[in-house]
Amino acid sequence: VYDINDVLTGVCRIRQALVKVKAFPGLMFMAASPQKPTGEITPLHIKVLCSKLKQKYDYIIIDAPAGIDDGMVVATGGADMGIIVVTPEYSSLRNAEIVKTTLEEQGIEKIAYVVNKIDLKLIETGKAPSFEEVTKNIRDKIVGIIQRDDNIHVSTNLGIPIVSMMETYISKSFMAMAIGLLMILSVMKTTGSCHLGNLQNL
């Protein structure tokens, strides 16, 4: 199977590295290859790749590697918007601020947040930051809130996409988040800008 490194180094064409996701017609996947050196890949490479993909696909999602390093900077090369995932942990909140600054330095002005792994029991017992602490500076930029849910582990172990488990809370949360993001992107395409706070009540 070819991956993004193969595309960017000329080993294969873009279409050869795209894998169809059978469960979702129209959804394609291009694998990364963490075993290969990435020093030769720059943000410009990703920008050019994304510009070519935009000619055929409506939306391109780049899953940046964990951590705040060159890998994340490279991944932002073709991005029009950044989505920062935070968890109710003080270290995560600090890292989110660093990520936000890094994205802004790369010229990405539209930034949204997803609050993940909310554990109400830990919050209620004071063993985790309160929801108010987590969302204090990002409340008007949140597009999704995901509670800790065992169904995520079940879906992973069974190889079933969580959004396919239609009756679960977690599936409904992901669908609501997707709809919110689509609205934001639609407004951005139409007006060239979007204030997330204006979409909270839609």
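**View 1. G82 and its bridge partner across two strands.** The bridge partner of G82 in β4 is I111. Strands here are DSSP runs of E with at least two residues, helices are runs of H or I with at least four, and both are numbered from the N terminus. Two strands are said to pair if DSSP finds at least two bridges between them. As background, strands of a sheet pair through backbone hydrogen bonds, either parallel or antiparallel.

Before you look further, please note that this is a predicted model: local features need pLDDT of at least 70, side-chain atom pairs count only at pLDDT 80 or more, and totals for chains, interfaces and linings use all residues. Residues are numbered from 1 along each chain as its sequence is written, and side-chain values use heavy atoms, with hydrogens and water left out.

**View 2. The open sheet β3-β4-β5.** In this order, 3 strands make up an open sheet with parallel pairing. β3 (81–86) and β5 (142–147) are the edge strands; each has a single partner strand, so one side of each lacks a neighbour in the sheet. On average, neighbouring strands of this sheet are turned by 15° against each other, direction ignored.

**View 3. Helix α5 over the sheet strands.** Lying across β3 and β4, helix α5 (residues 90–105) runs at about 170° to β3. For such angles, axes are lines fitted to C-alpha atoms, for helices over the stretch in contact (heavy atoms within 4.5 Å), and the values run from 0 to 180 degrees between N-to-C directions.

**View 4. K117, a strand residue with positive phi.** K117 lies in strand β4. Its phi is near 60°, a positive value in a residue other than glycine. With 42% relative accessibility, K117 counts as partly exposed; buried means under 20% relative accessible area, exposed over 50%, and partly exposed in between (1.4 Å probe, protein chains only).

**View 5. T135, a buried helix residue.** T135 is part of helix α7 (residues 131–135). Buried or exposed? At 0% relative accessibility, T135 counts as buried. Its side chain reaches the backbone oxygen of F131 at 2.8 Å. Which residues does T135 contact, leaving aside its neighbours within four places in sequence? They are V115 and I142.

Conventions. Polar contact = N/O pair within 3.5 Å; in protein donor to acceptor, adjacent residues only side chain to side chain.
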